[in-house]
Every structure is written in structure tokens, then in C-alpha cells.
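Welcome! Have the structure open while you read, and try to find each residue as it comes up.

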Amino acid sequence: MLTFLGRRILSSAIPLLVVVLGVFFLARLTGDPANLYLPLSATQEMRDAFSAKHGFDDPLPAQFAEYLSQVARLDFGESLRTAQPAAEAVLRAFPATLQLAGITMLLAVAGAVVVGSLAARRPNSPADRIAGFLSSASASTPDFWFAIMGVLVFAVTLGWLPTSGTVGSAAWVLPVATLLIRPFGVLVQVVRGAMVTALSEPYIKVARAKGAGERRVLFRHALRNAGAPTLTVAGDLAVGLVNGAVVVETIFGWPGIGKLMIDSILQRDFAVLQAAVLLTSLTIFALNILIDICYALLDPRVRQGAMA
Amino acid sequence: MRTHETGEPAGADDGADGGADDGTGAAGRPGSAGLLRLLAADRAAVAACAVLLLVALCALLGPPLFGDLAREQNLRAVKLRPFSTGEGWEFVLGSDSLGRSVLARLVVAAGTTMSVAVPAVALSLLVGSVWGMWAGFHRGWRESVSMRIADVILSFPSLLLAVVVLYVFDPGVANIVAVLAVARIPVYLRTARAESAQLRSRLFVDAARTFGTGDGALIRRHVLPIVLPTLLTVAAVDFCFVMLTESSLSFLGIGIQPPDVSWGLMVAQGRAELRNAWWTAVLPGLAIIITTVAMTQLANWARIAGDPAQRWRLTVPERRGRGRGRARAGRATAGEAPTKEQS
């Protein structure tokens, strides 16, 4: 088990490194911060002084080496815009995104398990067809459009919910609902497919023959075996949520990490961008390891493969 | 490891026989007449086909026919509601704050949206599947290196990549296509690799190798025909994803730039007029949803009607469908778990 984990950690660390490297160089391609932070009339000396102060005058590899050694000392640099430590800005924004993504994933998985299982009970029944159509429509809805419609109906017309902000539980409804639609639609389809498979297996007949109730058959016997594919897709979707809440955060003014990333690109705030990407990549990295452990817990075949 | 059951019965509504699985490729699959009959039997699939044909028609003929109309401002017909009569047929879906016909803009935007989505999907399908088949066929270091590259691309925050690239270069159609294509290559790479890694040890491949067939020909003539239906289904579902991403980018202001128009951009522009001209934001969104749902439905239909030997749905959402045919795809996903950690 430990060697299995070690192998996984090693092989997932490579993408992590490449992402950090890629963001470092790509960000510097977007332009010279001096153009943004100094007045148009700035002289060449002022520009040079600015670059020297922030270390932008070194050759790129030297800058990268410096950056790495800083990171090793847990120093993530300073924001160009606010002159505050970048780590602070990122850590302030991260919980907002994490809470949003966590609640969304929890609701999506719980809802999808129930709806998908019930739809799978009688394949091709009217309930199944309705669930199928609704889930495919919900997986096909552009999130930004859904968000705007939510604002139009519930905030502008009915006035039930605020248009933005994070204060009070009402403020959470539209952002969570917007993030929820796609993962929910996709997961219902996955759960349904996996449950149909599981329900056609012989052990379900055995369970029924032994007199197990319908709910026990569905949720204890079948669902456990439908877990692996659900987990795969849920993991992919969660990764997407962590780094892709940008649209929702932009529309609802949610002070999360996605918005922070976009803003720091626009403002050439490299230190903040790098810190934000590093943190999200680490989160995704941890999430992937966690998913692998869950596999092993769920599926004895994986467990054995890991031991061997 | 999973075994690739041969000659398993085809989907519930047979007509597609399992012939493709015996390696004869096209010869084993039902003819186009048979497929058409299958299609006609499924109302949802027929409707999806009709929608997609309409969109394709708009995309092809829209820009030359309606291009001028979509740009023409009529300040006497500003913010007309949908179905308002009296100002001419072009305002049947209303007009925006500059008095441009929403219908004409929708039609022209279909062309822009397709001119991004179609090349992006085609490019990633081509590169990803050739690369994946090659990697899976040769195994060893070529496979591991390819899979690591796919991991890197997949773990890169794709929206961030798009933002950076589109800032460095102009957000023109070609660059958007390039970003989307690169971001989606891993999907096909993984699918093609998984299938071809399994096929390489099959008897008919061994037989062909015994007769001295080279690696390139083995992949082209014995692996490709079996993997292709799966890849095409993946591509159909991915098409939806690419379309949604393009509209998100355009919505965020880093995709299609005015005066060009795409559905996502129309929603973004309509957002400002939400209070007094809601239809300018609602209608393009509906266009996106209808097209995407139609594509998903058709892909699902194709998956059931098509090759029964296909599996591998790591990246593709599972879906509803008819009982027995479905069961297999679900199992394939379950079986993917062990491979993931081996690759």
C-alpha cells in the first residue's frame, strides 16, 4: 500500500512541477509589468529601477532559480499591486472557493446518487427517461447563462436573492446552484449507467433471493459496486471546480481564487498568480491521491494490484 | 486484467451486429441503409439530427446570407420584443439595443461558433488518436511518456492557460482553436491508448504480424477500424464541451471579439440589457443548450447503435439509454480503475 502511494505521489509530482514551471514562464510572456505600474511618461531609468527592484532584470532562468529557492523557504514573494505577501492574498481567497466547491460537490454527489439509483431501478421507464433528459440538459447548460438567468429571475424580478456578495445563506444559493448544474447532470448519468450494470449482476439476484428489501439491494449491494466509476468522474469534476470557478466568481463577485488568478494575470501580478496556481495545483494533487486511496478502499482488485 | 470479450451481442435493438469486433472493420458493420432505419426508429435521435442539420445549415449559409443583416442597425426598431410584428420578419425574435435583428445575429453566430468548435475537435481528434494508438501499440517508454504528457495537460488549469495564451497572442479564431485543441488532446490520447494497448495482443493482430505486416499498417488496418467508432463517440460528446468552453471564453471577453459574434458573446452583451431586453441574453443561451443536448442525444444513440466492442469511458459521462446495451459501458468504466494506476 505504501509503495503504491509512493509511486502515485511521485508520478503526480511531475505534472505539478511542469505546471509551476509553465505558469512561471507563460506569465512573463504576457508583458512587462513596468508598462502597467509606471506612468506612461516614465523614463528608461525609472523603468530599469522598477525592474531591478522586483528582480525582473535578471535572465529568466536566474529568476526561476531564485523563485524556486524562495518557495523552498516558503516565501512566495510580494504582490506588485498591494505590496502585501502573495501568500496572504491567496490564503485569504482560497477558503471562499474551497467552501463553494465543497458544498457543490457534496450536493451533486448526494443528489446524483439518489436520482441516478432511482432512474436505474427501471431502465427505460418514464421516470428514467425524464431523469435522462433533465440530466443531459443540465449537463449542457452553460454555467454563465444559468447564472445570468438566476440573477434575472430570482434577484432582479422576484428580489428573493442578492445578486452578489457572500454574506448570509441566501447569497450562497445562486453561486452553488450555478456550479452545481453541470456536475449534477454528468453524475446522474454516470450513477445511472453504473447502477444499471450493477443491478444486472448475479449477486443482486442472490440478495433479492435472500429477502433483502429494495432499499437495501439498491443502496447497500448495487451502489457499492457502482462507486468506482462515480468516483472517477466526481474526482475529475471536482478538479474542474477547484480551478474553474472563475465564471461564477466573476458574475457573483465571489472573492475566490479563480477571480484572483484572472485579476493577477490582468495586472501582471506574477507573485500572486504563481502562488495561486501553486496552491490550486497542490490541492488537485492531494485530491488525486485521495481519490486513489478511495479506489483502494472501494475495490479489492485495486487493493491487490497495489500490494503486488 | 479485463478481457476483451469477443463477439458479444450487440445493443438491445439489434441491426448493428458485433462484426467490427472480429477485425474485419467496415465489412462487419451494418450498411448505411441499416443505420438509417435504426435512426428512424428513434424519435429523439431523429429530432437531434434535425436540430444539428439546421445548425449546420445556419453555420454554412448564415454568414453569406445574413451577414449584412446581422450588422445592420435600425435605430427605429430598438429592443423589440420577440414575436413583435410590424417591423418585418427579421425581428421575429426581437432586436437588441442597437436595433439589430436577434435572429440574424443568432444565425451568423452559429457560423462563428462552429468555425471554432469543428476545427478544434477535428484537430484534437486527429492528433490525440494517432498519438494514442501509437503509444498504446508500442507500450513501454513511449506509452509512459505520452501518458505523463497527457497528465500534465489535464492538470494544467485550462481556463488559465487559455487566458494567458489569448493575452500573449491575439484572441483570434485560430488561437482559440489552438488552445482548445491542445487542451482536449489528452481525452483522445487516453481513449486511443487504452483501446490500442488491449488490441495489440489480440489474435488477429498477432496473425497479421506473422504475415509480416509492419507496425504502421497494423495500426492503420487492424487497430484503427476498431478504435474509430469509440473515438468518434468521444468526439461527439467532446464537441459539446468545446462549444461550452468557447462560449465561456467569449463570455469572459477573451474569446471571439466584436464585431464578430458568437453565442457566448451574445449572452455577455445581452447581460447589460437584462432588465429591459432579457431576450438578447436568453435566446443565445437557449441556442447553446439546444445544440448541445441534440449533440449529446445523437452521440448516445450512436454509441448504442454502433460498435458494441467499445468501452473506455474514463472522461466521458455515462448516460441513460436502453437497458441491456448500456450495461456494458458502465462496466467498462468500473474496470478502468485498475488500469488507471498501472499506466
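In this predicted model, Ser155(B) is buried because 22 other C-beta atoms lie within 10 Å of its own, and 20 or more are enough to count as buried. You will find Ser155(B) in helix α4 of chain B, which covers residues 140-155.

**Around Ser155(B)**
- Apart from neighbours within four places in sequence, Ser155(B) is in contact with Pro15(A), Val19(A), Ser281(A) and Ile284(A).
- Leu203(B) is 48 residues from Ser155(B) along the chain, and their C-alpha atoms are 36 Å apart.

**Two helices that pack together in chain B**
- Helix α3 (residues 102-138) and helix α8 (residues 215-252) of chain B pack at an angle of about 145°, and their axes are 8 Å apart.
- The crossing of α3(B) and α8(B) is right-handed.
- Which residues of α3(B) meet α8(B)? Among them are Thr113(B), Val116(B), Ala120(B), Leu125(B), Trp134(B) and Phe137(B).
- On the α8(B) side, the residues that meet α3(B) include Asp215(B), Ile219(B), Val227(B), Leu231(B), Phe239(B) and Glu246(B).
- Sorted by class, this contact between α3(B) and α8(B) has 17 nonpolar, two polar and three charged residues.

**The nonpolar core**
- The largest nonpolar core has 172 residues, and those with the most contacts inside it are Val90(A), Leu187(A) and Phe239(B).
- Helix α8(B) gives the most to this core, with 20 residues.
- As a close-up, look at Leu187(A): leaving out residues up to four places away in sequence, it touches Ala108(A), Val109(A), Ala112(A), Thr230(A), Val233(A) and Ala234(A).

**Chain A as a whole**
- How many helices and strands does chain A have? Its secondary structure comes to 15 helices and zero strands.
- Taken along the principal axes, the C-alpha atoms of chain A fill a box of roughly 85 × 60 × 30 Å.
- Chain A has 308 residues, and 43% of them count as buried.
- Among contacts in chain A with a separation of 6 or more, 73% are between residues 24 or more positions apart.

**How confident is the prediction?**
- Chain A has an average pLDDT of 79, and 93% of its residues score at least 70.
- Among the elements of chain A, helix α5 (residues 86-121) has the highest mean pLDDT, at 86, while helix α15 (residues 300-307) has the lowest, at 61.

Note on methods: Residues are numbered from 1 along each chain as its sequence is written. Chains are lettered from A and ligands numbered from 1 in the order in which they are written. This is a predicted model: local features need pLDDT of at least 70, side-chain atom pairs count only at pLDDT 80 or more; totals for chains, interfaces and linings use all residues. Helices (H or I, at least four residues) and strands (E, at least two) are DSSP runs, numbered from the N terminus. A residue is buried if 20 or more other C-beta atoms lie within 10 Å of its own, exposed if 12 or fewer, and partly exposed in between; C-beta atoms are placed from the backbone. Two residues are in contact if their C-beta atoms, placed from the backbone, lie within 7 Å. Axes are lines fitted to C-alpha atoms, for helices over the stretch in contact, and angles run from 0 to 180 degrees between N-to-C directions. A crossing is left-handed if the near helix is turned anticlockwise from the far one by less than a right angle, and right-handed if clockwise. Ala, Val, Leu, Ile, Met, Phe, Trp, Tyr, Cys and Pro count as nonpolar, Asp, Glu, Lys and Arg as charged, and the others, Gly among them, as polar. pLDDT is the predictor's confidence in each residue, from 0 to 100. A nonpolar core is a set of buried Ala, Val, Leu, Ile, Met, Phe, Trp, Tyr and Cys residues joined through C-beta atoms within 7 Å.
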